[in-house]
Every structure is written in C-alpha cells, then in structure tokens.
Amino acid sequence: MSFGITVFVFDRKAACMASQNTTGNTGSSVDGQGREGFSSRLGFLLISAGCAIGLGNIWRFPFITGQYGGAAFVLMILLFLVVLGVPLLVMEFSVGRASHRSTARSFDALEPRGSKWHCFKWFTLVGNYVLMMFYTSVCGWMVAYLFKTGIGTFDGTHDIPTVFSSMIGDPIEMAGWMLLVTLLGFAICAAGVQKGVERITKVMMAALFVLMAVLCVHSCLLEGGQEGLEFYLLPNFDNLFNNPNASFPQIVYAAMSQAMFMLSIGVGSMSIFGSYVTRDRKLTGEAVNVALLDALVAIMAGLIIFPACFAYGISPDAGPGLVFLTLPTVFEQMPLGHLWSTLFFLFVAAAALSSVIAVFEAILRFTMDQWDISRKRAVAINAPILVLLSLPCVFGYNIWSDFLVPGIGDVQSLEDFILSNNILPIGCLLFVLFCTTKRGWGWDKFMAEADRGEGIAFPRWTRLWVKYGVPALILIVFFTGWAPTMQTWLGLA
C-alpha cells in the first residue's frame with residue numbers, strides 16, 4: 001500500500017534507545033524525541049477503555065446475553081476476559097511501550113534480526129480499516145437515533161420498524177450520518193493526543209458513566225423489572241446446556257469471541273496507547289483496569305436493558321434489533337419516555353464515537369510513524385480513504401441490498417465476518433506468538449517490559465497457559481467461527 005509518500009527510513013537502534021530513555025512520569029506529554037503522550041495516567045486508562053467500550057458493550061453484549069442464558073453467560077464472558085482478554089491486552093500494551101511506536105514500527109524495532117514479523121503491521125492496518133468500514137455507519141445509526149429521539153420521532157406516532165428501515169434504506173441520509181461521524185472523529189484527532197483525543201474522550205467517558213448510572217437506577221426501579229434483574233444477575237446454568245437458541249459449544253464460542261471483541265484486541269489499536277505511556281506502572285494492572293471498565297459498561301448496559309424489557313413484556317432474546325427496534329418501544333411506554341430515550345441514545349452514541357476516535361488515532365499514528373509525516377497530513381490522507389471505504393456498508397442496505405454472500409449475508413455482515421472471524425483471532429494469535437516464542441520478541445523480553453514500574457506483576461506461573469492455552473482458545477474461536485459458513489458452502493447446512 002502506498003500513498004505516494006516517501007517512506008521513512010527507520011533506524012531500529014534509535015527506536016530502541018528512544019524506548020529505553022522514556023522513563024519519566026506517565027504525566028509527561030511528550031518524550032525526549034518530541035513524541036506526543038498522555039497528560040495523565042487517567043487519560044491513558046479512559047482512552048484505552050474508550051477504544052474498547054463501544055457497540056460490543058452496548059449493542060452486542062445485551063442481545064447475545066439475552067439469547068444465550070442471562071447471568072450464566074455473563075459469568076462465562078467474564079471468565080474469558082480474565083484468561084484470554086487480559087493477557088492479550090498486556091501483550092499489545094507491552095509491544096507498544098517497548099518500541100515506543102505504533103505497529104507501523106514496533107515490530108521492526110523488537111523483532112529478531114532477519115525475521116519477517118514487521119510484515120504483520122500491514123495486517124493490523126487492514127484490520128483497523130475494515131473495522132471502520134462498518135463501524136462508522138453503525139455509529140451513524142446511533143447518532144441518527146439520538147437526533148430522532150431528540151425531535152420526538154419515537155413519541156408513539158411513528159412505527160419504529162418503519163422508521164429504522166426507512167433510515168437505513170435512504171443512501172443519502174445514511175451517507176450523511178456516516179460522513180458526520182467520520183469528519184467529527186478526524187477533527188478531534190487532528191487536534192492531537194492531549195488537546196483532541198484525550199480531552200474529548202475524558203469528557204465523553206465521564207459523561208457516559210454518569211448517564212449510565214442515572215439510567216441504571218431508573219431501570220432497576222421500574223415496576224415489574226425484578227424478573228429482569230433475576231434473569232441477568234442470578235445464574236441459571238441450565239440455560240447454557242439446554243438453550244433453545246444455540247448448543248453449548250456455540251455458546252462457549254460466542255463468549256470467547258465477545259471477550260475478544262469487547263477489548264478491541266488483535267489489530268494493534270491498543271498497542272498505540274501503550275506507546276504513549278511511560279514505565280512507571282506495570283502493564284498488567286493497567287490492562288486489568290481497562291478490562292474492568294470495559295466489563296462495567298457492558299454490565300451496566302444490561303442493568304438498563306433487561307429490567308426494562310421484563311417490565312414491559314419484551315423478550316430479552318430479541319436479537320440484534322434489541323437496541324434499534326425493541327428499546328424505543330419500551331421507552332414509549334415509560335413516564336418521561338422521551339427524556340429517558342434521549343439519554344439512552346446519547347450514551348450509546350458517546351460510547352460508539354469514543355471507539356471511532358480511538359481507532360482513528362491508531363490509523364493516524366500508523367501513518368505518521370510509517371511515512372514520517374505530520375498529523376494534519378495523515379488526517380488529509382486517511383479521512384477521504386475512510387469515507388470511501390465506508391460507502392459499501394452504507395449502500396449495503398439500499399442500492400446494494402441484493403448483494404449477499406452465501407453463509408455470511410449482506411455487505412456489513414461480510415465486513416464483520418472478515419474482522420471478527422478472521423482478522424481479530426489471527427491478529428491475537430500472532431501477538432501471542434511474537435511475545436512468547438524465541439523466533440519472536442520472546443517471553444523474557446515481554447515479561448521485562450510488562451513488569452516495569454509499580455503495580456500488579458504479570459504472573460510468571462501462567463507461562464504455559466499463555467504460550468499454549470491462549471493460542472488453543474484463539475484457534476477454537478477461528479475454526480468455530482468458520483464452521484457454519486463452510487457447512488453452507490459445502491451444502492451441508
């Protein structure tokens with residue numbers, strides 16, 4: 001891939017020295033080489049969490065929890081966040097901090113001489129592009145719903161399914177919302193790490209938690225919501241083994257893939273935030289904090305949605321349409337429903353936009369590191385590219401609605417399949433192999449970087465699990481994700 005820019009000749013030794021010399025406080029805004037950084041540890045945690053927190057928490061988590069067994073399924077997701085997600089997140093942070101670069105240059109700096117690990121960087125760039133190809137459009141849906149609730153569209157006078165199908169069926173309207181999200185995201189990133197990304201994301205994340213707390217209290221106090229709380233908080237393991245929606249292996253696969261999706265690991269978008277922080281804190285503690293914030297938002301989303309569903313007689317396994325089709329109906333029936341609906345879609349839009357900003361920053365930093373160009377020039381290059389790449393998803397519900405891939409589905413389903421079933425698990429596997437094998441960076445160097453500073457150390461007794469158990473789980477996710485599609489292609493489904 002080339003943008004017609006002179007490629008920056010990277011000096012591996014200089015990069016390693018820059019990494020070794022970055023030993024100030026996390027509060028340092030730039031390093032000795034003039035590289036940007038966070039103004040505080042809180043900024044790092046909130047922005048990393050903002051990257052992870054998004055539609056996977058607010059949209060996907062509640063509907064698959066409703067389909068796959070409630071509280072028992074939530075416990076399974078939390079288990080995989082600990083045994084699978086956190087180790088992978090520590091690895092991404094470590095690669096970024098040790099190299100003091102994005103994935104554009106991190107593998108060049110850390111790989112053994114003569115190896116080809118640096119080729120992986122193009123895989124991470126493609127992964128971030130593919131994610132934004134459909135994420136900008138779906139984030140546009142959230143912003144559109146915020147606007148529509150604000151002007152009173154969902155006041156009982158409109159048929160909600162008709163409103164939604166009309167919205168996504170209009171290519172001009174959908175292109176407009178996608179363009180708004182893309183331009184807003186890049187405008188924030190253009191201001192820089194501290195003045196743009198950190199400042200805006202910290203405000204958005206703080207507002208997100210306040211809004212969610214208000215909505216949680218309101219939803220949990222709804223008359224008739226007690227049954228929803230029991231479904232969501234009291235595990236019934238029979239729901240896992242005798243589930244009408246899926247077999248137990250399918251439920252395990254769903255929990256593992258959800259844990260990976262929720263943390264946005266596998267494409268280096270977390271690695272970039274590791275490259276912005278210094279070595280006063282051990283990275284395991286930071287990864288645990290990010291995972292806790294991520295899980296907290298997902299759990300709070302369930303506390304908002306499930307009591308409301310049960311209070312108003314809505315099935316919790318309503319599927320992907322739960323947020324767009326079912327919940328507006330619930331809000332219509334509530335006292336002050338217009339207010340609660342507007343607040344709900346405000347927090348959903350804020351969560352989605354925080355992920356867009358974070359991934360845009362990863363793409364921009366890759367471009368800046370790889371080709372040694374300014375931030376503004378990186379924005380000028382990537383903004384039009386992302387707009388064009390997002391158009392297929394926009395058109396997939398209207399003028400290209402006849403496009404269907406057997407066993408996968410429409411344009412957005414294809415893009416999601418490419419990312420979730422292929423790029424994310426393969427990317428996670430490569431990070432593990434790079435950090436644990438002698439042909440890569442190696443276990444000892446990974447551990448040395450992860451354990452610099454104060455805080456929770458990475459448990460050394462987990463070496464065999466991380467080296468063999470984590471890759472085994474990743475391969476299970478990969479092959480299980482392909483199984484239904486292969487059955488369809490071979491005529492077995």
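Helix H18 is mostly covered, since 19 of its 26 residues are buried, where buried means under 20% relative accessible area, exposed over 50% and partly exposed in between, with a 1.4 Å probe and protein chains only. The model is predicted, so that local features need pLDDT of at least 70 and side-chain atom pairs count only at pLDDT 80 or more, while totals for chains, interfaces and linings use all residues. Residues are numbered from 1 along each chain as its sequence is written, and side-chain values use heavy atoms, leaving out hydrogens and water.

Helix H18 covers residues 411-436 and reaches 36 Å from its first C-alpha to its last, close to the 38 Å expected at 1.5 Å a residue, the expected span being 1.5 Å times one less than the number of residues. Helices are DSSP runs of H or I with at least four residues, numbered from the N terminus. At Ile423, shortly before the proline Pro425, H18 has a kink of about 35°, this bend being the angle between axes fitted to the seven residues ending there and the seven starting there.

Asn421 also belongs to helix H18 and is buried, with a relative accessible area of 11%. Although Asn421 and Val477 are 56 residues apart in sequence, their C-alpha atoms lie 7.5 Å apart in space. Leaving aside residues up to four places away in sequence, Asn421 touches Tyr253, Asp416, Phe478, Gly481 and Trp482, contact meaning heavy atoms within 4.5 Å.

Terms used: Helix = DSSP H or I, 4+ residues; strand = E, 2+ residues; numbered from the N terminus.
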